[in-house]
Amino acid sequence: MHDALEYTPRSIYTLEPHADFVTAENGYIPIEAIAERVYGKPYSSLRGCQRDDEHIGNDSVKLYELTFDEDYLQALGDLDGAEIYLGWDSRTGESAFKTGMTELDYWLSIRVADENTPATVEANPPATQDLENAVFEDRFFADRAFSPSLRLVLADLIRRSELPRGDYLFRHWW
């Protein structure tokens with residue numbers, strides 16, 4: 001009988017952003033619920049995941065590994081980077097960037113109109129438009145205007161001690 005490979009258990013945390021039934025017992029972490037509690041607004045998970053990988057499909061499984069210190073520190077470094085990519089500006093033939101604030105700060109500045117605050121931007125603004133402090137008519141367009149990378153959100157939630165450090169399995173279906 002030959003030697004069996006030693007089994008190393010690993011904790012995998014499954015982030016199910018649109019799961020209807022989520023409990024600690026079934027191993028799912030509702031990322032939108034955590035984000036809404038921490039940031040005061042829901043996190044648009046599909047758009048955020050696509051920011052990490054532009055080729056990711058609607059039926060996708062993506063593994064985020066933030067277990068090693070260098071992965072975690074790199075994610076935190078990315079989080080605190082002061083340059084935000086807004087998109088390609090066809091008028092100037094150059095990429096448009098926003099500097100001076102983090103992706104999370106930029107995302108949190110985007111709001112939805114209410115009785116006291118009228119909308120300030122159209123439903124589908126150009127990708128290169130600076131949306132800092134933009135106010136949208138409804139949640140649908142505000143959620144799709146800009147979402148920080150899921151990897152950066154995980155790093156921030158770990159930094160805030162809202163999530164344990166570990167491997168995260170992100171699943172999304174549309």
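These legends describe one overview and several close-up views of a predicted model.

Overview. Helices (H or I, at least four residues) and strands (E, at least two) are DSSP runs, numbered from the N terminus. Along the sequence, the pattern reads β-β-α-α-β-α-β-β-α-β-β-α-α-β. Of the 174 residues, 39% count as buried. Buried means under 20% relative accessible area, exposed over 50%, and partly exposed in between (1.4 Å probe, protein chains only). Take contacts between residues at least 6 apart in sequence: 63% of them join residues at least 24 apart. A contact means heavy atoms within 4.5 Å.

**Close-up 1. Helix H1 spans residues 31-39.** Which residues of H1 are buried? They are Ile31, Ile34, Ala35 and Tyr39. These residues cover an arc of only 100° around the axis, so they sit on the same side of H1. The arc is taken from the directions that run from the helix axis to the C-beta atoms. Their cover includes strand E1 (12-15), strand E2 (28-29), helix H4 (103-109) and helix H6 (150-159). Just after H1, glycine 40 has a positive phi of about 80°.

**Close-up 2. Tyrosine 106 meets phenylalanine 146 in one of five aromatic pairs.** Rings of Phe, Tyr and Trp (its six-membered ring) pair if their centres lie within 6.5 Å; planes under 30 degrees apart count as stacked, over 60 as edge-to-face and the rest as tilted. Here the centres are 4.8 Å apart and the planes stand at 85°, so this pair is edge-to-face. Tyrosine 106 belongs to helix H4, and phenylalanine 146 to the loop between helix H5 (139-145) and H6, so the pair ties together parts 40 residues apart in sequence. Both residues are buried.

**Close-up 3. Phenylalanine 140 and phenylalanine 141 form an edge-to-face pair.** Their rings are 5.0 Å apart, centre to centre, with 90° between the planes. Are they buried or partly exposed? Phenylalanine 140 has 45% relative accessibility, so it counts as partly exposed. Phenylalanine 141, at 22%, also counts as partly exposed.

**Close-up 4. Tyr39, Tyr43 and Trp107 form a cluster.** Ring pairs link them.

**Close-up 5. Arginine 165 lies over the face of tyrosine 72.** The distance to the ring centre is 3.9 Å. A charge sits over a ring if NZ of Lys or CZ of Arg is within 6 Å of the ring centre and within 35 degrees of the ring normal.

**Notes.** Residues are numbered from 1 along each chain as its sequence is written, and side-chain values use heavy atoms, without hydrogens and water. In this predicted model, local features need pLDDT of at least 70 and side-chain atom pairs count only at pLDDT 80 or more, while totals for chains, interfaces and linings use all residues.
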